Amino acid sequence: MEKKYKTLKDFFPFYLEEHSHPFNRALHFIGSSLALGCILGFLSTGKFYILAFALVSGYFFAWIGHFFVEKNRPATFTYPFYSFISDWIMYFKMLTGRIDVEFAKIKSNKG
């Protein structure tokens, strides 16, 4: 039986473990970066169809990483809100070079 997460703080270590392969995280980073670019494109043009590209690019790259690299089920299917927030937390941890610190925390908490 799958554990039920009640807080983002409890969910985030699980989320990171589901993204343990660096190539999967790289695909997420690419997709999120493209999504941000699309959002900026929408804001500068006001063309709503560009927002659709933000969703497609973000999820396309992430799901490629899960289905073909990690070979696991994306957490967004079970925890859409926590997963969305965790995507951006992971993105900024990667952007700032702090993602390894997060994985070290998980490893030390497991003993």
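This is a predicted model: local features need pLDDT of at least 70, side-chain atom pairs count only at pLDDT 80 or more; totals for chains, interfaces and linings use all residues.
## How the helices pack

Two packed helices are described by the angle between their axes and the distance between the axes. Helix H2, which covers residues 22-45, packs with helix H3, residues 49-70, at an angle of about 175°, and the two axes are 7 Å apart. An angle over 145 degrees counts as roughly antiparallel, which makes H2 roughly antiparallel to H3. Sorted by class, the residues in the contact of H2 with H3 are 16 nonpolar, 9 polar and 1 charged.

Helix H2 also meets helix H4, residues 80-95, where the axes come within 10 Å and cross at roughly 100°. H2 and H4 are therefore roughly perpendicular to each other. On the side of H2, the contact is made by Arg25, His28, Phe29, Ser32, Ser33 and Leu36, while H4 brings Asp87, Trp88, Met90, Tyr91, Met94 and Leu95. In the contact of H2 with H4, the residues divide into 7 nonpolar, 3 polar and 2 charged.

## The nonpolar cores

The largest nonpolar core has 13 residues, and of these Tyr5, Phe11, Tyr15, Leu16 and Met90 touch the most other members. The elements that give two or more residues to this core are helix H1 (8-17), H4 and helix H5 (99-110), and the largest share, 5 residues, comes from H1.

## Aromatic rings

A pair of aromatic rings is described by the distance of the centres and the angle of the planes. The structure holds 20 aromatic pairs, and ring pairs link Tyr5, Phe11, Phe12, Phe14, Tyr15, Tyr79, Phe81 and Tyr82 into a cluster. Two of the pairs are set out below.

| Pair | Distance of ring centres | Angle of ring planes |
|---|---|---|
| Phe12 and Tyr15 | 6.1 Å | 15° |
| Phe29 and Tyr91 | 4.5 Å | 15° |

Phe12 and Tyr15 have their planes at 15°, so the pair is stacked. These residues are 3 residues apart in helix H1, and Phe12 and Tyr15 are therefore separated by about one helical turn. Both Phe12 and Tyr15 are buried.

The rings of Phe29 and Tyr91 also have their planes at 15°, so this pair is stacked as well. Because Phe29 lies in helix H2 and Tyr91 in helix H4, the pair ties together parts that are 62 residues apart in sequence. Phe29 counts as partly exposed because its relative accessibility is 24%, whereas Tyr91, at 7%, counts as buried.

Is Asn24 buried or exposed? Asn24, which is found in helix H2, has a relative accessibility of 0% and so counts as buried. Leaving aside residues up to four places away in sequence, Asn24 touches Glu18, His19, Ala62, Gly65, His66, Val69 and Glu70.

Ser57 lies in helix H3, and because its relative accessibility is 11%, Ser57 also counts as buried. When residues up to four places away in sequence are not counted, Ser57 touches Gly31, Leu34 and Ala35.

Lys105, by contrast, lies in helix H5 and is partly exposed, with a relative accessible area of 44%. Along the sequence, Lys105 and Pro13 are 92 residues apart, while in space the distance from C-alpha to C-alpha is 8.7 Å.

The place of Lys71 is in the loop between H3 and H4, and at 64% relative accessibility Lys71 counts as exposed. Most residues other than glycine have a negative phi. What is the phi of Lys71 near? The phi of Lys71 is near 55°, which is a positive value in a residue other than glycine.

Terms used
Residues are numbered from 1 along each chain as its sequence is written. Side-chain values use heavy atoms; hydrogens and water are left out. Axes are lines fitted to C-alpha atoms, for helices over the stretch in contact, and angles run from 0 to 180 degrees between N-to-C directions. Helices (H or I, at least four residues) and strands (E, at least two) are DSSP runs, numbered from the N terminus. Angles under 35 degrees count as roughly parallel, over 145 as roughly antiparallel, 65 to 115 as roughly perpendicular and the rest as oblique. Contact means heavy atoms within 4.5 Å. Ala, Val, Leu, Ile, Met, Phe, Trp, Tyr, Cys and Pro count as nonpolar, Asp, Glu, Lys and Arg as charged, and the others, Gly among them, as polar. A nonpolar core is a set of buried Ala, Val, Leu, Ile, Met, Phe, Trp, Tyr and Cys residues joined through side-chain atoms within 4.5 Å. Buried means under 20% relative accessible area, exposed over 50%, partly exposed in between (1.4 Å probe, protein chains only). Rings of Phe, Tyr and Trp (its six-membered ring) pair if their centres lie within 6.5 Å; planes under 30 degrees apart count as stacked, over 60 as edge-to-face and the rest as tilted.
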